[in-house]
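Here is a friendly briefing to read alongside the model.

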Amino acid sequence: MNKELATLLDVVPENDNNYHLKLAEVARWYKVYGQKMFYHIDKESIDKVINVLNILMIDNRFWNHNIRLNNLILGKELIKRINIEQIDHSHLTTQLYHFACFLCSEEHIRELFFRLDNYNESWTTEKFVSDILNRNGKGPLIKFWSHYINIVGIENPNPVIFSSFKELLSKYSEDFDIDNINDIWKCGFECSKEQGSREALEFFWSKIKHQYEEKEREDILVNLGINAYSLCCFNRENNFNLIEFSLDHLGSAKYKYFVEESCKFENYFGTIFSLIDNYLYNEAKELISVLDFNVIDCERYGNSLICGTLQKVHNAPYKLKKQSFDFFSWIWTFEQLEEHRRYCLSDLYYIFDALKDSDELEVLVDPLKLVLNSASPEQIKRGFLTYPGSSICSTLYIKDERALLQNEVLKFFQDGDKFIDYVDNLVLNTLTECEELKGLDINEIFNFYRQGKTREFMESIEERVDNSQWFFYWLKEVTGDAFYKMIEGKVKFEQSVPSCIGGVRCDSLVSGISR
C-alpha cells in the first residue's frame, strides 16, 4: 500500500465507533485528491502536507455525521494551512490551484491563479490564453475557472479571453449564451461531469436545479449515474463521484427506479462495482437488494457479481480487509443470489482465479472456507483440478495452513494424506540439490519457505542467488505444479514418499535456477 495513504489511515483511532467507515472515507479522499496533490512534489513537501492532513483529519469539524469527510471545508482549510506553514513548491501551488478548481473555491482560485509558476503579467494576451487558460488547464474545470475569473465581473474583459471562453461554452452546447449567467453555470455543471468532481457538481447543481421540474431533475440525476463512465471521460477513476452524487440526490426511495433504468441498458453491476471500489458497502447492499435478478441471464452473468466482488476484496487497503470480507460474505449468503451461487459452484475456476494471488492469509482463508463449506466434494475436486486451484494449494502450503489444506481440500483426493509430506520432500530435495545453496542451513531455509516467511527466506539466500525474489516465486511454481500433478493422479505413491515427480528426479528441476 502507498506510504502516504498508510500514514493517513493510521490517523483514524481504532477505538472510533465508525472506524471502518472513516478508513474507507480517508482512502477515497486519497484516491481522488491525494494522489494528484503529491504528483511531482519532493518528499519534504509531501511530509509537510501529510502532517497538516493528519491534524485536520482527526478534527470533527471536517466530518459530516462523523462518517463522511466534508471535502469542501477540509480542502479550504488545507490550502489555508499550507499557506500558513509556508510550504513553498511550484508544483504544489499548481496542484493546489487544480484542487481549488475541483472544489469551486473562488477565493482560493483567484489567489492561487496569480501565483502559478508560469504566470507572467508581461506576456501577450494570446500567450496568456494559450499557456495559462488552455495548455495549463489540465481538465475542464481548470479551464472553466481560469476563464471565469478573467471574464465574469470584469469590466471590458479582454476580447481574446472573451472569445476563448465563448468557445469553451459552445463545446458543451451551441445554445449556451456567454451573457447568461445561468448558461455559464450549466457549462460549469457539464465540466464537473467530465472532470468527475463531486464538490463541483454540488456547487453548480445548486445554481441550476431550480430551472427544472421535479421529473426533469430526476431524469438528469438518473442519467448522470447510469452513464457516469462515459460522461466522466477526463479521469475515469472519478466516475464514482457522479454515481455518488446521483444516488445521494435521488435518495434511497428512488434506488429501485435507478436500478430498473440501469437494467434497460444491461448495466447490471457497473454502479455496484463502483460503490464497492470506493468501499461504500452499505450503499452497494441497498442497490443489490432492489435488483431483480430474474431479468439477469445467469448463463452470461452468473460469475460477474460474486467473482467480481471477491476480486475487489483483495484490492482493498489492508485495514479494510475485514470490512470487505464481511461484504463478500453478505453477497455469498444473499438469498436472491442463490441461482448465481449455484452457477459459481458448478465451476469453481473463476472463484479460485480471484483468490489465487492472495499472499495475505486472512484474505485467502476466510473466503475460501465460506465457498468450500457450500460446495460438494465433487465440486471441490473439479475446482482444485485447475491451475488456480493448485496455486491456492501452494499458497496454503507455504503459509503453513496444513490443517485447512488437508481437512478441507486434500481429503477428497486419493492418497491425499500423502500430498503434504511429498511436497515437503520435493522442496527439501530441490533446495539440497541446488549448487548455489551448498554450505547453507537447508533445514532453516526450508522452514522459512514453508512457514510463509518470505523476507527471511530471501535474506537467507540472497548472498548466493542473484535474484532471491525470483527464486522464491519459482519455488512456489514448483510447489503448485507438484500439487497439480498429484491432484491429477499422475504421481504414483508407494509405501514411502517418493522424491520424484512423474519419473523426473528433483535434482533436474533446479537447472537454471540462478538468474
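Lys-369 counts as partly exposed because its relative accessibility is 39%, where buried means under 20% relative accessible area, exposed over 50%, and partly exposed in between (1.4 Å probe, protein chains only). This is a predicted model, in which local features need pLDDT of at least 70 and side-chain atom pairs count only at pLDDT 80 or more, while totals for chains, interfaces and linings use all residues. Residues are numbered from 1 along each chain as its sequence is written, and side-chain values use heavy atoms, with hydrogens and water left out.

**Around Lys-369**
- You will find Lys-369 in helix H23 (residues 361–374); helices are DSSP runs (H or I, at least four residues), numbered from the N terminus.
- Between the C-alpha atoms of Lys-369 and Glu-408 there are 8.1 Å, although the two residues lie 39 residues apart along the chain.

**The nonpolar core**
- The largest nonpolar core has 168 residues, and Trp-29 and Phe-384 have the most contacts inside it; such a core is a set of buried Ala, Val, Leu, Ile, Met, Phe, Trp, Tyr and Cys residues joined through side-chain atoms within 4.5 Å.
- H2 is the largest contributor to this core, with 10 residues.
- Setting aside neighbours within four places in sequence, the contacts of Trp-29 include Leu-8, Leu-53, Met-57, Leu-74 and Phe-99, with contact meaning heavy atoms within 4.5 Å.

**The largest cavity**
- Three cavities of 30 Å³ or more are present; a cavity is a set of points on a 1 Å grid over the protein atoms alone where a 1.4 Å probe fits but cannot get out, and lining residues have an atom within 4 Å of a point.
- The largest has a volume of about 60 Å³, volume being the space filled by probe spheres set on the points, which are joined across faces, edges and corners.
- Its lining includes Phe-258, Cys-263, Tyr-268, Ile-272 and Leu-291.
- Helix H15 (255–264) and helix H16 (270–277) are the elements that give two or more residues to this lining, and H15 has the largest share, four residues.
- By class, this lining has seven nonpolar, three polar and no charged residues; Asp, Glu, Lys and Arg count as charged, Ala, Val, Leu, Ile, Met, Phe, Trp, Tyr, Cys and Pro as nonpolar, and the others, Gly among them, as polar.

**The second largest cavity**
- The second largest cavity holds about 40 Å³ of space.
- Among the residues lining the second largest cavity are Val-32, Tyr-33, Lys-36, Phe-102 and Asn-241.
- Helix H2 (residues 19–37) gives the most to this lining, with three residues.

Conventions
On a 1 Å grid over the protein atoms alone, a cavity is a set of points where a 1.4 Å probe fits but cannot get out, and a pocket is an open set with protein on both sides within 12 Å along at least five of seven lines; lining residues have an atom within 4 Å of a point.
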